[in-house]
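This report describes how the parts of one protein chain are arranged and how they meet. Please consult the sequence and the structure below while reading.

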Amino acid sequence: MRKILVTGAFGLVGSDLVPALQEKFGKENVFALGNKTIPADFDGNLVKGDVTDISSMETIIKDNGITDVYHLAGILSVGSEKDPDLAWKVNFGGLKNILDLAKTYKFKVFWPSSIAAFGPTTPKVDTPQHTSLEPTTIYGVAKVAGELMCQYYWKRYGVDARSLRYPGLTGYKAPPGDGTTEYSVHIFYGLLNEGKYSCFLKKDARLPMMYIDDAIKGTIDLMEAPPENISVRTSYNFGAINFTPEELVAEIKKLYPNFTCTYDPDPVKQAIAESWPQSIDDSAAKSDWGWKPEIDLTKMTEVMIEGLKEKLGK
Ligand code: AKB
């Protein structure tokens with residue numbers, strides 16, 4: 001019987017991943033751990049712990065016979081720059097705790113890396129799987145170190161850790177976090193609450209992006225793939241769509257012609273965006289375990305508006 005723990009269960013990814021895992025494996029077999037506000041309508045097992053405290057994590061794993069951990073807990077790029085020491089402790093230290101426990105308790109691990117593992121020396125278009133990894137943010141440094149730890153624990157201890165380099169993700173279930181690509185979530189709140197938005201990136205800041213449903217499908221498919229199919233033990237490039245704020249605005253205007261967006265780039269966020277790629281070559285994920293994204297920019301815009309309208313009661 002699979003027993004699945006999700007850390008960071010109430011963030012952007014966890015808010016969609018937990019229900020998807022509950023549906024696939026049964027509500028009673030999924031355990032949610034998170035330090036964000038727990039939604040009033042959450043229906044499932046809640047556990048208490050702290051990813052930076054290995055003994056609290058060991059208790060959860062032993063008490064519940066955990067077989068799979070989706071370790072999502074972490075601080076995003078912008079939040080990490082505000083407190084680099086805390087970012088390292090949570091983002092790298094939290095992963096190290098999970099990998100150390102996986103060595104002993106033999107559970108499978110999913111951990112998200114990010115396009116933040118890349119940096120200014122990485123080719124920006126169709127970024128290859130194997131390329132220069134010289135990030136300029138603490139968030140990216142922890143992602144590169146984490147990728148290498150996943151591969152090291154696999155080779156040295158046989159820990160079955162799998163990872164994806166998430167692009168910017170867009171979803172409506174959780175409020176937007178303190179990231180760079182999160183403008184693509186904030187913009188929909190601006191649209192529905194005020195009919196306008198002031199964007200913290202330049203209008204031509206092209207970034208690799210993905211609608212959350214594609215990300216959830218890819219994440220579960222990677223974890224369910226036979227181990228012999230997994231040739232990348234650092235982290236897979238994971239692509240879907242790419243767009244600029246201006247292109248997203250044009251898509252929104254097709255449905256809401258009166259929507260207005262102004263641009264007031266934040267120097268820190270814009271510099272982070274400029275250090276990341278614009279599009280991703282994810283052919284290794286496609287050939288190893290059949291990755292295939294389905295949601296384009298038009299569809300994403302429609303689904304975001306419909307979902308958020310319902311959530312906000314608009
Ligand atoms: C962020 O912008 O910090 C994240 C990411 C791309 O990892 N969404």
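A salt bridge is counted here when a side-chain nitrogen of Lys or Arg lies within 4 Å of a carboxyl oxygen of Asp or Glu. The model under discussion is predicted. In this model K173 forms a salt bridge with D16, and their closest N and O atoms are 3.0 Å apart. K173 belongs to the loop between β7 and α6 (183-194), while D16 sits in helix α1, so this pair ties together parts that are 157 residues apart in sequence. A second salt bridge joins D178 to K82, with 2.6 Å between the closest N and O atoms. Over the whole structure the search finds 17 salt bridges.

The two pairs described above are set out in the table.

| Salt bridge | Closest N and O atoms |
|---|---|
| K173 and D16 | 3.0 Å |
| D178 and K82 | 2.6 Å |

**Overall form**

The secondary structure of the chain amounts to 11 helices and 12 strands. Its radius of gyration is 19 Å, close to the 20 Å that the globule rule gives for 314 residues, so the chain is as compact as a globular protein of that length. Taken along the principal axes, the C-alpha atoms fill a box of roughly 55 × 45 × 40 Å.

**Domains and their interface**

The chain is divided into domain 1, covering 4-169 + 210-237, and domain 2, covering 172-208 + 242-278 + 295-312. Their C-alpha centres lie 24 Å apart. Contact between them involves 27 residues of domain 1 and 23 residues of domain 2.

The size of an interface is often given as the accessible area lost when the parts come together. For domain 1 and domain 2 the buried area is about 2,200 Å², of which 63% is on carbon and sulfur atoms. Which three residues supply more than any other three of the area that domain 1 buries against domain 2? They are V78, K124 and Y211, which supply 30% of that area.

Between domain 1 and domain 2 the count is two salt bridges. The rule also finds 10 residue pairs in polar contact across this interface, both residues being at pLDDT 80 or more. On the side of domain 1 that touches domain 2, α1 (14-25), α3 (77-82), β7 (168-170) and α7 (212-224) each supply at least two residues. The largest share of that side, five residues, comes from α3. By class, the side of domain 1 that touches domain 2 comprises 12 nonpolar, nine polar and six charged residues.

Methods:
Residues numbered from 1 in each chain as written. Predicted model: local features only at pLDDT ≥ 70, side-chain atom pairs only at ≥ 80, totals over all residues. Heavy atoms only, no water. Domains from an automatic or database assignment. Contact = heavy atoms within 4.5 Å. Buried area = accessible area lost by both parts, 1.4 Å probe. Polar contact = N/O pair within 3.5 Å; in protein donor to acceptor, adjacent residues only side chain to side chain. Helix = DSSP H or I, 4+ residues; strand = E, 2+ residues; numbered from the N terminus. Nonpolar A, V, L, I, M, F, W, Y, C, P; charged D, E, K, R; others polar. Rg over C-alpha atoms; globule rule 2.2 N^0.38 Å.
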